[in-house]
Amino acid sequence: MKPENAIEVHNITKKFKVYLDKGHTLKERTLFSKRRKFENREVLKGVSFEVKKGEAIGLIGHNGCGKSTTLKMLTKIMYPDSGTIEMNGRVSSLIELGAGFHPDMSGRENIYINASIFGLTKKEIEERIDSIIEFSELEDFIDNPVRTYSSGMYMRLAFAVAINVDADILLIDEILAVGDVAFQAKCFNRLRQIKSEGTTIVIVSHSLGQLELICDRSIWIHEGVIKEEGAPFDVHPKYMSFMANNTLSKAKDKQEKKKEESKAVEEKAEEAKTEEAADNTEENKKPEDSNRWGSNEIVMSSVTVTDEKGEERDTFLNTEPIHVHIGYENPGKIENSVVGVAIYRDDKVHIYGTNTLIDMSKTLPLKDKGTITLVFDRIPVNAGDYIFDLAFHKPDGFNYDFWRDVFRLKINNVKGEAGTVSIEHSWKSDTD
Amino acid sequence: MIKRIKEIYAYRTMIYSLVKRDLKGRYKGSVLGFLWTFINPLFQLLIYTFVFSIVLHSDVKDYYMFLFVALIPWIFFSTSLAGGSTCITSQKNMVQKIYFPREVLPISFVTSQFVNMLLSFIVIFAVMIIARYTFNPLALLCLIPVMLTEYILALGFTFILSAVTVYFQDMQFIMGILTMAWQFLSPIMYSQERVPVEFRAIYMYVNPMAPIIIAYRDILYYGRVPELATLLSALLMGILLFVIGWITFDKMQKHFVEEM
């Protein structure tokens, strides 16, 4: 094992027996031997990767692709059929929250039980208990039985224990959606702090946004092999566009099936329909590249960036207003949509992101064809090149058209400030 | 194996917490709470006294005591087996999601039953004092190795049974029947001297619980030091089963999660 690595995974494979109808009892096993038919499903077909000390990686992929199985093997609750996993350091997993909680026991007692399941000794728990209680924000309730807690309080306590188990390697599975928004932010900040302290982190999540905020690298597992690996900023668009294509082709399959059924009934009308459908699919394919994905029910047709006078430009001062004109077509006749924007620096640091839902808690009404103008009074960043993403999507995150790297702007600074952003400020001395 | 033992030792707090949770949690919410731990054996004793000393008139002197000193250790053993067989499957959620040495679960379960037995012994001693039994200090000292032997034996069995139950869930129900048969085949309700001489050797050496029960009765009921041979054979069988149990468990535990 290389000394700079925290995790080395070499060519691991895993097969599961998938029983069509599993018999667990003697009767079932002897009488219905036919029921015990099973298929061998290969979940992992040779996955290898390395994780450096202090690195945070995200495992992404659709359901059943093998990412959770990989995590389970890192956790050592499952073992690979072949291949090896080497890990260096104390491993802790945030896969199950609140394990071993007893509802009739107090929050404090449950901290002891839960933390001990993570492998902490009594002394270690005593060292941490104050920070656990503080993190959970349950100081006033900590000696009440856990059954009196609301589900939010319960999860907060559970998360507080899990996040305070110091480890060299932290494995996390889809659990960051805990509690209210404020607590989520707190968890996330804590996670970032843990990372900055040098802990190696592996996260499995469907929330690509969260991964982008914390991971240095994403590994996309597809059907048991690694399909793509690299910076989240580069891998995620490919993944999203792949997934969008997949759902699209599935929907198309369905459509075709339906068509076949109706074929027998009305043959003539069929011809026209097919032509129409063919037109549609061609049109749909146009904007699809790895930087762009969505259902194409709404399509951005033109995006121009101008100053307040309407003059097109690609270089601005960080004090100048910037107008973004987003021309769209609306073949899906969608009435309302969320419109969002994200700004990255060219080294892929996420600078800012917002949408109409966040800003005004509403969607924008749309026509069949039109223009939406987004006005920045100024973009108060320091000098550099900036990348802009734009998106039309449903409030639940379903994308009509997500376009990464739509345009880039060079933003200059009038003064020679240092740092990422330009903060409004003034100086005052009491001699004045 | 040494590594494994070290790891289990590192998880000692988990064992302690689980035992504590089990003992404290069991009667939480009930009015009498922890007192139930004593009330249960006490009432059992009263019932046995009524049935065997008043209704049935057993010719054994203080039959209730004769039975009770054997029954309490037996209850520890049989609950460990019957309940212990599900100690992995009942914690499915935890086993599927969190890593810890799987041995922790059977160890915690058997230990919590063991502590329960120790508490019941308080009742035994209290009754012995009230009934003016003489305490033989040397014999009482022998109680420690006897208890430990029984603990090791119970743990060995629980290792095997809890692992097998994951793969084959009938085991828990089969154990319910087996422990009942086993109870009648052990010298609990009767003295081993009642067993015909020609069977006695088999009776004593095939059933690892026979020498243990006899030792308990020697110490508590007769107030005498048990025979060394009895103790030794019990200890050997205990260690043997413990080792076999652990090896079996270790072999099977790798696929627990997939089988659940």
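Student: How are α3(B) and α4(B) oriented to each other, parallel or oblique?

Tutor: In this predicted model, look at the angle between the axes before anything else. Helices α3(B) and α4(B) pack at about 140°, with their axes 9 Å apart. Angles over 145 degrees would count as roughly antiparallel, so α3(B) and α4(B) are oblique to each other. As for handedness, α3(B) passes α4(B) in a right-handed crossing.

Student: Which residues make the contact between α3(B) and α4(B)?

Tutor: From α3(B) come Pro41(B), Leu45(B), Tyr48(B), Thr49(B), Phe52(B) and Ser53(B), and they face Tyr63(B), Tyr64(B), Leu67(B), Phe68(B) and Ile72(B) of α4(B). Sorted by class, that gives nine nonpolar and two polar residues, with no charged ones.

Student: Why would contact residues on a helix be spaced like that?

Tutor: An α-helix has 3.6 residues a turn, so residues three or four places apart point the same way. On α3(B), you can follow this contact from Pro41(B) to Leu45(B) and on to Tyr48(B).

Student: How do α4(B) and α6(B) lie, parallel or antiparallel?

Tutor: Again, begin with the angle. Helix α4(B), residues 63–84, and helix α6(B), residues 104–130, pack at about 160° with axes 10 Å apart. They are therefore roughly antiparallel, and their crossing is right-handed.

Student: Which residues of α4(B) and α6(B) meet?

Tutor: On the α4(B) side, the residues include Phe68(B), Ile72(B), Phe76(B), Gly83(B) and Gly84(B). On the α6(B) side, Phe109(B), Phe114(B), Met117(B) and Phe121(B) are among them. By class, this contact has 12 nonpolar and six polar residues, and no charged ones.

Student: At what angle do α3(B) and α6(B) cross?

Tutor: Their axes come within 9 Å and cross at roughly 50°. Helices α3(B) and α6(B) are therefore oblique to each other, and the crossing is right-handed. Here Thr37(B), Phe38(B), Pro41(B), Leu42(B) and Leu45(B) of α3(B) meet a set in α6(B) that includes Leu119(B), Ser120(B) and Val123(B). The class count is eight nonpolar, three polar and no charged residues.

Student: How many residues of chain A and chain B are in contact?

Tutor: For an interface, count each side separately. There are 25 residues of chain A in contact with 22 residues of chain B. Helix α3 of chain A, residues 107–117, supplies the largest share of the chain A side, four residues. That side divides into 12 nonpolar, nine polar and four charged residues.

Student: What span does α6(A) have from its first C-alpha to its last?

Tutor: Compare the end-to-end distance with the value expected for the residue count. Helix α6(A), residues 181–196, has 16 residues and reaches 23 Å, close to the 22 Å expected.

Student: Which domains does chain A have, and how far apart are they?

Tutor: Take the bounds and then the centres. The domain assignment gives domain 1 of chain A as 5–233 and domain 2 as 292–412. Their C-alpha centres lie 36 Å apart.

Notes: Residues are numbered from 1 along each chain as its sequence is written. Chains are lettered from A and ligands numbered from 1 in the order in which they are written. This is a predicted model: local features need pLDDT of at least 70, side-chain atom pairs count only at pLDDT 80 or more; totals for chains, interfaces and linings use all residues. Two residues are in contact if their C-beta atoms, placed from the backbone, lie within 7 Å. Helices (H or I, at least four residues) and strands (E, at least two) are DSSP runs, numbered from the N terminus. Ala, Val, Leu, Ile, Met, Phe, Trp, Tyr, Cys and Pro count as nonpolar, Asp, Glu, Lys and Arg as charged, and the others, Gly among them, as polar. Axes are lines fitted to C-alpha atoms, for helices over the stretch in contact, and angles run from 0 to 180 degrees between N-to-C directions. Angles under 35 degrees count as roughly parallel, over 145 as roughly antiparallel, 65 to 115 as roughly perpendicular and the rest as oblique. A crossing is left-handed if the near helix is turned anticlockwise from the far one by less than a right angle, and right-handed if clockwise. Domain bounds come from an automatic or database domain assignment. The expected span of a helix is 1.5 Å times one less than its number of residues.
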